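Thank you all for coming.

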There are 2 protein chains.
Amino acid sequence: MREVEGSVTAPLGYQAAGVFCNIKRLGTGKGSDRGPKPDLALIVSDRPALVAGMFTTNQVVAAPVKVCREVVRRGVARAVVANSGNANACTGPQGLADARTMARVAAEVLGIRPQEVLVASTGRIGVPLPMENVEAGIREAARALGRGAPFGAMAAQAIMTSDTRPKEVAYEWTVGGRTYRLGGIAKGAGMIHPRMSPTGRRPAPLPRHATMLAFLTTDASVERRWLQAALTGAVAASFNCITVDGDMSTNDTVLLLANGAAGNDPWTVRSRGFRQFESALHRACLELARMIVRDGEGVHRVVTVRVFGARNARDADAAARAVANSPLVKTSWHGGDPNWGRIMDALGYSTAQVVETKVDIGYAAPGSKDVLWCVKRGRPTSVPFEELCRAVAPTEFELHIRLNLGRGRAVMYAADLTEAYVDFNKGDVTNPASLGG
Amino acid sequence: MREVEGSVTAPLGYQAAGVFCNIKRLGTGKGSDRGPKPDLALIVSDRPALVAGMFTTNQVVAAPVKVCREVVRRGVARAVVANSGNANACTGPQGLADARTMARVAAEVLGIRPQEVLVASTGRIGVPLPMENVEAGIREAARALGRGAPFGAMAAQAIMTSDTRPKEVAYEWTVGGRTYRLGGIAKGAGMIHPRMSPTGRRPAPLPRHATMLAFLTTDASVERRWLQAALTGAVAASFNCITVDGDMSTNDTVLLLANGAAGNDPWTVRSRGFRQFESALHRACLELARMIVRDGEGVHRVVTVRVFGARNARDADAAARAVANSPLVKTSWHGGDPNWGRIMDALGYSTAQVVETKVDIGYAAPGSKDVLWCVKRGRPTSVPFEELCRAVAPTEFELHIRLNLGRGRAVMYAADLTEAYVDFNKGDVTNPASLGG
């Protein structure tokens with residue numbers, strides 16, 4: 001498997017565009033010298049594609065998520081239309097009508113059926129969509145569609161909200177002499193702690209999260225059931241393992257389109273090509289997920305929290321999330337303070353079983369197995385404070401926690417908590433355009 | 001019932017002191033011109049007092065909490081010795097030995113039994129107590145004991161960590177011609193989200209919290225069983241309803257001593273005086289709890305979150321806690337942004353049942369029933385943005401949430417999330433004395 005240029009337009013048979021239609025209704029003259037950032041994305045498959053999806057488990061669900069769930073239930077899609085700047089959440093019946101109108105208008109200009117159009121929105125909650133702008137944007141995007149990497153890049157830019165950079169990946173691999181591709185784009189930044197399920201039904205226990213969107217395309221053909229199974233597994237190990245602020249969004253959505261343009265017979269779990277497809281999908285989701293954490297609002301340090309030896313997988317997950325979402329642990333990461341007391345405290349109040357005298361805590365460089373243990377069996381080791389400070393000084397490091405109670409393990413990709421996060425999210429009420437989702 | 005001067009020394013038969021013994025081992029010359037703040041408190045009852053206690057439900061429990069639980073189980077105490085600057089948590093067998101030594105030294109100098117001495121600590125986790133300083137401090141405190149309000153005030157100062165001001169209350173009331181008094185001191189500031197139980201056993205569901213200590217004294221006589229029942233009820237409606245940062249501490253402790261110096265026969269729940277005692281205790285706990293929130297680390301705004309109409313009490317509590325601990329809701333409070341979308345989002349990811357189209361959200365002045373509704377049945381009302389901004393501009397306001405699904409209600413006393421909180425808690429690794437708990 002190789003990394004290739006581009007993203008959603010890297011696989012055969014996909015076009016994309018990103019245009020500016022002023023969803024936030026800013027005054028003119030906004031944006032950089034190069035003009036304002038695009039805020040409406042369109043991704044189109046030349047042929048009907050099978051589709052799988054993962055959606056927020058928040059009980060308050062944005063209108064576009066409801067529309068997507070219907071399309072995914074039917075299983076076939078031709079296009080994704082997505083806007084940034086407005087979440088179309090808590091917008092009542094008008095919001096649902098607006099989401100359907102987005103699908104209808106896209107279908108009209110693309111000459112396809114509205115039932116084949118997926119819809120996504122991200123931005124401020126509770127504000128009606130400016131439909132005149134959205135409709136004009138969709139029409140313009142349809143005219144702007146194209147096949148190369150720059151078109152995928154425009155779509156990646158269009159879905160950004162507080163993201164500082166677009167997030168794109170693409171991979172290519174060969175099975176039995178035939179080449180396949182899988183690409184994707186994503187956005188994150190704030191309200192990031194997704195826990196999605198295929199139906200939006202809630203797994204137990206339920207943690208907290210933020211708006212992230214990811215759209216993935218492949219030219220492989222995969223049976224619908226196994227397409228969803230592969231996406232469910234990949235999201236569980238990637239997007240559902242990230243947290244910036246612990247706030248789960250009303251809009252979290254991951255969509256995967258498989259249009260079969262590469263020409264294979266549809267794969268099942270038993271097919272020779274399926275494993276490689278699955279590993280490309282896992283890699284794409286994990287890479288995009290980690291890009292989201294790295295580019296989270298105000299994020300300075302990114303920490304991979306690895307929990308081992310929990311009583312079971314659920315306990316491991318609970319322990320990792322408690323540490324990854326503790327404001328005091330997150331501020332100490334920001335300060336470069338190897339404060340294991342706060343980690344122990346967070347483990348202690350998690351719903352995971354924890355025995356203080358069994359806990360080991362240590363630090364490692366990303367991907368390294370060489371762990372510098374600062375706590376063994378609940379007691380501090382003799383490693384000097386300065387050496388621990390050096391271990392938590394890099395902008396990325398790993399935190400290893402061994403509970404030594406069983407075989408459960410979990411990983412969370414977490415961010416620190418900085419003054420910049422607070423400053424960004426408090427907004428400026430005198431400038432409503434500054435107010436976040 | 002009247003408010004009176006003083007705190008733990010307001011009831012008859014109690015002495016207190018607060019002295020500086022340099023627990024953090026700062027260099028000389030630290031502190032203000034008036035000398036450094038006291039860091040060791042001693043409270044002594046002239047006669048054996050019945051005692052009730054509430055303790056952290058964190059699985060990682062500080063050594064002094066273990067010692068207190070034993071004393072409370074026996075039911076009789078004569079003294080409380082407490083230090084700030086070091087939590088004596090995650091300190092292993094040596095920490096437990098140190099906590100017992102604190103009790104033993106206090107007993108020795110006071111001429112009482114070590115089993116009658118309650119112990120509390122607050123400060124950084126994982127650092128051994130400087131026992132030489134602590135022992136010298138206890139001896140000095142015993143010499144400094146006194147009965148008036150200034151002595152209670154010194155004890156209140158001695159337990160402060162990042163608190164900017166001492167927290168004291170005292171009340172007096174008359175039943176059947178006899179006068180009774182109840183007073184208390186508390187400290188909070190960071191790691192504030194207590195959920196205590198009498199045994200340290202965990203209620204379900206388990207939220208997250210921080211270190212708070214409160215010591216209460218009364219000269220009424222109350223049967224041990226009802227003393228504990230009254231304290232359990234008062235803490236459930238006060239200290240267990242506050243949150244600054246959602247991090248629950250290893251050290252949270254509330255102690256109540258009743259020495260009977262007022263001369264009544266011991267009250268039970270059926271006694272004529274019990275109701276008034278109970279209401280004085282509730283008032284003292286609530287007042288101290290709210291002082292803790294107002295003086296939380298970096299806190300600018302204090303918000304009372306009131307949830308009504310939840311399916312049941314547990315749902316109401318879960319909904320209130322989700323809103324009160326959401327980083328995005330808390331930063332919007334800081335910014336004076338009446339962002340109801342983030343509140344709806346937090347309700348949606350809480351474990352409480354929430355139906356978007358039934359939710360009402362509004363603001364009121366403290367204690368007022370005059371609610372300015374910004375959302376009714378899930379939809380924004382016509383109240384202008386500027387008017388909502390004015391409702392969330394004061395440093396204290398109430399947030400009313402009606403779920404309209406049942407009769408469950410709950411209250412949380414919450415704080416905003418500010419840059420100052422982050423700045424304070426990130427600390428400065430080049431100055432270990434700056435590093436928090």
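Predicted model: local features only at pLDDT ≥ 70, side-chain atom pairs only at ≥ 80, totals over all residues.

Residues are numbered from 1 along each chain as its sequence is written, chains are lettered from A and ligands numbered from 1 in the order in which they are written, and side-chain values use heavy atoms, with hydrogens and water left out.

Let me start with chain A as a whole. The domain assignment, which is an automatic or database one, divides chain A into domain 1, residues 2-294, and domain 2, residues 302-417, and the C-alpha centres of these two domains lie 33 Å apart. Chain A has 11 helices and 17 strands, where helices (H or I, at least four residues) and strands (E, at least two) are DSSP runs numbered from the N terminus. Its radius of gyration, taken over C-alpha atoms, is 22 Å, close to the 22 Å that the globule rule (2.2 Å times the number of residues to the power 0.38) gives for 437 residues, so chain A is as compact as a globular protein of that length. Along its principal axes the C-alpha trace of chain A spans about 70 × 60 × 40 Å. Of the 437 residues in chain A, 65% are buried, meaning under 20% relative accessible area, with exposed being over 50% and partly exposed in between, using a 1.4 Å probe and protein chains only.

Next, a sheet in chain A. Seven strands form an open sheet with mixed pairing, in the order β10-β17-β12-β16-β13-β14-β15, and two strands are said to pair if DSSP finds at least two bridges between them. The edge strands of chain A are β10 (242-243) and β15 (379-380), each pairing on one side only. Helix α9 of chain A, residues 340-349, packs on this sheet, touching β13 (360-364), β14, β15 and β16 (396-402), and its direction makes about 125° with that of β13(A); contact here means heavy atoms within 4.5 Å, and the axes are lines fitted to C-alpha atoms, for helices over the stretch in contact, with angles from 0 to 180 degrees between N-to-C directions. Strand β14 of chain A, residues 372-376, pairs with β15(A) in the antiparallel sense over two bridges, and A:V375 stands opposite A:P380 in β15(A).

Turning to chain B, how many of the residues of strand β11 (residues 253-258) are buried? Six of its six residues are, with B:T253, B:L255 and B:L257 on one side and B:V254, B:L256 and B:A258 on the other. Strand β3 of chain B, residues 40-56, runs antiparallel to β11(B) and is joined to it by six bridges, B:F55 being the bridge partner of B:T253. Strand β9 of chain B, residues 213-218, is also joined to β11(B) by six bridges, but runs parallel, and there B:F215 stands opposite B:L255.

Finally, the cysteines. A search of the whole structure finds zero disulfides over all chains, a disulfide being a pair of cysteine sulfur atoms within 2.5 Å. For A:C241, the nearest cysteine sulfur, that of A:C285, is 11 Å away, and A:C241 counts as buried at 11% relative accessibility.
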